[in-house]
Amino acid sequence: MDRRDFLALSTLFTGAALSPSFFGKAIAAEQLQDTIDVAVKKRLADAAMSAATGAGASYCDVRVGRYLRQFVITRERNVQNIVNTESTGVGVRVIADGSWGFAATNEMTEDAVAAAARQATAIAKANARIQTAPVQLAPTPGVGEVSWRTPIKKNAMEVPIEDKVNLLMSVNDAALGAGASFVNSLLFLVNEQKYFASTDGSYIDQDVHRIWAPITVTAVDKTTGKFRSREGLSAPMGLGWEYMDGRAEDKFVLSNGLTTYGNSYDMKEDAIAAAQDAQAKLKAPSVKPGKYDLVLDPNHLGLTIHESVGHPLELDRVLGYEANYAGTSFATIDKRDAKFKYGSEIVNLFADKTQVGSLGAVGYDDEGVKTKRWDLVKDGTLVDYQAIRDQAHILGKSESDGCCYADSWSSVQFQRMANVSLAPGKTKMSTADMIAGVDNGIYIAGRGSFSIDQQRYNAQFGGTVFYEIKGGKLGPMIEDVAYQMRTPEFWGACSAICDESDYRMFGSFFDGKGQPSQVSAVSHGSSTTRFDGINVINTARSLG
Amino acid sequence: MSILTEAQAKSILDKVIALSTADQTSAQLSGGVTGNVRFARNDISTSGIVDNSELGVQVSFGKRVGTATINQFDDASLERVVRRAESLAKLAPENPEFMPIVGKQTYRPTETYSEATAALTAEARAKIAEASILPCRKQKLIAAGFLEDGSTFFAHANSNGNFGYQRSTVADYTCTVRTEDGRGSGWVASNVKDIAKFDPAADVQIAMRKVAASAEAKALEPGKYTVILEPAAASGLISFMLNFFDARSADEGRSFLSKQGGGNKLGEQIMDPRVNMYTDPWDPTVPVLPWDGEGLPRERVKIIDQGKLANLQYSRFWANKQGKPETADWGNTIMEGGTKSTAELIAGTERGILVTRTWYIRMVDPQTVLLTGLTRDGTFYIENGQLQYPIKNFRFNESPVIMLNNIEELGRSVRVEDGSLMVPPMKVRDFTFTSLSDAV
């Protein structure tokens with residue numbers, strides 16, 4: 001994930017800074033329900049494609065995008081800012097003389113997009129001079145005029161601002177009443193209205209929705225100078241306002257009362273728990289470093305899957321296209337050919353751009369390919385990667401996997417991580433059953449610090465809350481926990497996976513990759529999972 | 001519409017201010033053209049150009065604030081954006097921390113613009129890619145890299161009569177060179193205001209020398225080592241730490257700069273006495289805009305003075321609450337150094353490790369700014385003043401605050417990262433490596 005985007009987001013928390021370049025232009029609430037007329041988008045796309053082919057392009061695709069976001073930002077009893085943003089424009093990508101070229105403009109006229117198409121073609125031709133291998137696209141059938149929409153029940157953009165403010169104020173009040181020194185809460189809503197057209201004969205109109213409701217609760221003990229924060233245990237999701245319903249069937253409760261969430265979120269309940277946990281963290285004992293059996297909650301394990309499976313199995317990294325930035329991958333193609341053991345036999349990891357409720361779900365990707373589910377690791381063995389149209393031929397595949405994405409009309413689309421998930425265990429097992437079998441372990445829930453090397457071997461992860469497990473029973477909260485791992489050994493140490501009834505999704509709005517750097521929203525599903533004999537370090541230090 | 005002149009920008013902003021019926025109005029107008037070329041596997045992979053301009057309008061009725069932006073500039077669009085901001089302000093609850101807009105200010109311009117960079121073409125970008133790729137092809141090495149250049153204008157105005165306009169350019173280049181067998185990797189980075197000061201052919205040679213020296217790395221045991229951090233390696237930790245100099249967080253007891261018992265550590269010795277840091281918008285090497293996001297004029301301000309905490313960053317609200325003067329956000333940071341190059345620091349080192357780049361740095365514990373991350377693209381063992389052999393990459397768990405207390409020697413400070421930071425190479429004792437990485 002990209003730290004700079006978190007920092008860009010944090011500027012909004014000041015309630016003062018304008019950041020139009022990242023967040024787009026702000027618009028009045030009532031206009032968030034509008035869309036651009038499809039006929040207008042088609043006219044712009046046709047103008048661009050005609051100009052590109054006229055200038056000598058052999059292929060052209062056009063993305064007419066309207067990207068809407070809404071933020072309601074609070075701390076304690078203050079609403080710091082309410083921001084509605086919109087960014088609209090057209091990105092044109094072409095192949096000319098065997099090379100890619102791209103140009104984007106915010107001018108929504110046929111003349112302007114035609115000029116951008118000619119500019120993209122000129123760029124492609126300038127680059128072709130030193131190109132050794134022409135771009136090769138896997139065939140993708142034109143699908144004509146089609147549309148797709150995230151299957152939301154209630155459009156969060158349509159919920160009145162007053163309701164959102166009241167919700168966050170009640171959440172903050174609850175946290176402060178339960179012992180929080182400070183609380184930040186936020187609603188972050190996304191609607192991507194994306195129109196894709198290509199010279200293959202596709203005109204695809206998509207309406208994509210996402211929601212995120214993060215909280216951070218901090219407890220301060222001024223006498224000791226110690227402070228601790230506890231993040232909320234929600235996940236960003238590809239859902240509508242129904243995610244905020246906090247339905248009983250979506251709650252997962254441990255024997256010690258810790259509650260985690262699935263397809264809906266009880267923000268107020270979690271805020272109270274967060275305040276109590278933040279206070280408890282101030283007094284919790286520091287972990288004794290050593291080897292432990294780890295029991296990892298899905299909203300924690302998702303980030304580990306993201307870094308140690310999702311990224312190394314992106315074909316652009318494997319091939320070296322990301323060598324200068326995000327890095328390469330240890331999981332080279334020769335390893336797939338040699339049936340490399342990625343993990344233990346119970347480990348099945350799959351990519352999926354269709355999972356309902358996931359952040360990555362779309363009908364078609366950003367180069368017009370219909371989305372699907374496919375296997376990456378089967379019974380512990382590496383079997384496949386994530387590839388797009390100009391990479392498929394390298395794997396000997398006849399089609400793209402449909403995981404191409406651009407984060408804006410002004411960004412060029414490229415291979416991005418699909419939702420990569422761990423399949424649930426095949427035999428019945430609850431979290432309680434799993435904990436009962438652990439003699440000396442640590443239960444970890446929620447995301448924390450994360451860092452992994454540029455080939456995705458060596459990683460270190462923290463978490464949100466940690467509990468000791470002794471003799472099959474959950475013990476007290478502990479602090480200063482981070483585990484260090486080497487990817488194949490870690491997945492090789494996977495000894496049990498809870499069944500399907502425990503399956504939930506982790507998510508992130510900020511998967512960072514590419515130059516210029518782009519973000520992508522992605523989910524990772526799993527059930528609670530056990531890893532044996534993992535190295536845990538103590539992260540407490542003193543500044544003297 | 002690309003780059004607007006000062007008169008064109010002022011004309012649009014004046015119209016916006018005149019259209020508003022709010023108690024107070026401020027507006028920012030910025031835009032420009034950015035171009036890029038990206039290469040990998042010794043071929044160009046993507047290349048593009050983006051033209052975009054945006055107008056942001058913030059209005060207030062009493063303590064209610066609304067913000068809207070737009071990227072169309074005809075009279076009807078200007079009226080629309082103002083009315084949108086006004087309607088949002090009317091929907092917002094009162095913000096008890098509301099601050100009125102700043103009064104009329106005077107800005108002394110900074111030198112942030114280069115005509116040569118603004119004139120860069122697609123053909124010139126392709127040539128820069130070529131200058132990086134061809135020497136690698138000849139030596140059977142694999143180049144991957146990226147150049148992004150941008151030419152931007154920034155203008156702002158408010159209903160108190162304040163106005164500012166300035167143009168800025170930047171070109172940012174990075175290149176990674178790897179051996180065909182993937183056992184060696186070297187990296188180079190350049191960030192310049194003026195493209196004339198950039199020489200890709202010379203830069204790529206640096207990465208090629210590193211790749212040649214980095215293959216066949218040996219494993220050392222993790223532990224505490226004396227390290228020499230090149231500026232690019234040290235900057236990753238230092239720039240991370242600089243995000244946490246907020247006065248309010250320190251006063252609230254939730255920062256490494258909070259004092260036990262309450263208050264902050266202003267005036268306290270928090271680093272080695274040889275550490276000096278300041279911000280200066282007019283610095284000729286790392287110039288930045290002469291105003292911040294609120295329109296306050298930036299000034300030269302000491303941050304760390306002989307290891308003592310000299311200043312914190314105050315928001316306008318917190319400055320007023322604490323009875324402090326309102327000061328602009330720091331746009332850049334200069335860490336002072338000595339006169340020696342990295343090579344001279346190596347020559348004076350009996351035993352140690354040279355780290356040329358750090359990677360994937362994340363916060364582990366904000367209480368101590370404990371950071372974790374890895375070394376990358378060239379890590380070497382030093383003995384008797386000489387690089388002896390390449391070593392495998394390490395993961396570190398270290399706090400930049402502890403690191404800047406463990407300084408042995410500082411070298412000559414240079415421009416790094418995005419062009420808003422100057423950091424010297426530094427020799428540091430007891431730097432904590434916690435595990436080995438197999439990554440190359």
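Begin with strand E3 (residues 99–105) of chain A and E2(B), which pair in the parallel sense over four bridges. The model is a predicted one. Within this pairing, select Phe102(A); its bridge partner in E2(B) is Gly48(B).

Next, display the whole interface between the two chains. Here 84 residues of chain B are in contact with 75 residues of chain A. E2(B) supplies the largest share of the side of chain B that touches chain A, namely 13 residues. Colouring that side by residue class gives 30 nonpolar, 35 polar and 19 charged residues.

Then select helix H4 (residues 122–138) of chain B. It has 17 residues and reaches 24 Å from its first C-alpha to its last, close to the 24 Å expected at 1.5 Å a residue. Show the side chains of its buried residues: Ala122(B), Arg125(B), Ala126(B), Ile128(B), Ala129(B), Ser132(B), Ile133(B) and Cys136(B). An α-helix has 3.6 residues a turn, so residues three or four places apart point the same way.

What do the buried residues of H4(B) pack against? In chain B, the partners are strands E1 (24–40), E2 (43–61), E4 (141–158) and E5 (163–179), together with helix H5 (200–214); from chain A comes helix H4 (110–128). Following H4(B), select Lys140(B), whose phi is positive, near 55 degrees.

Finally, move across to H4(A). Its 19 residues should span 27 Å at 1.5 Å a residue, and the end C-alpha atoms are 27 Å apart, which agrees. Of these 19 residues, 14 are buried, so H4(A) is largely enclosed by the rest of the structure.

Note on methods
Residues numbered from 1 in each chain as written. Chains lettered and ligands numbered in written order. Predicted model: local features only at pLDDT ≥ 70, side-chain atom pairs only at ≥ 80, totals over all residues. Helix = DSSP H or I, 4+ residues; strand = E, 2+ residues; numbered from the N terminus. Expected span 1.5 Å × (residues − 1). Buried ≥ 20, exposed ≤ 12 C-beta atoms within 10 Å, placed from the backbone. Contact = placed C-beta atoms within 7 Å. Nonpolar A, V, L, I, M, F, W, Y, C, P; charged D, E, K, R; others polar. Pairing = 2+ DSSP bridges.
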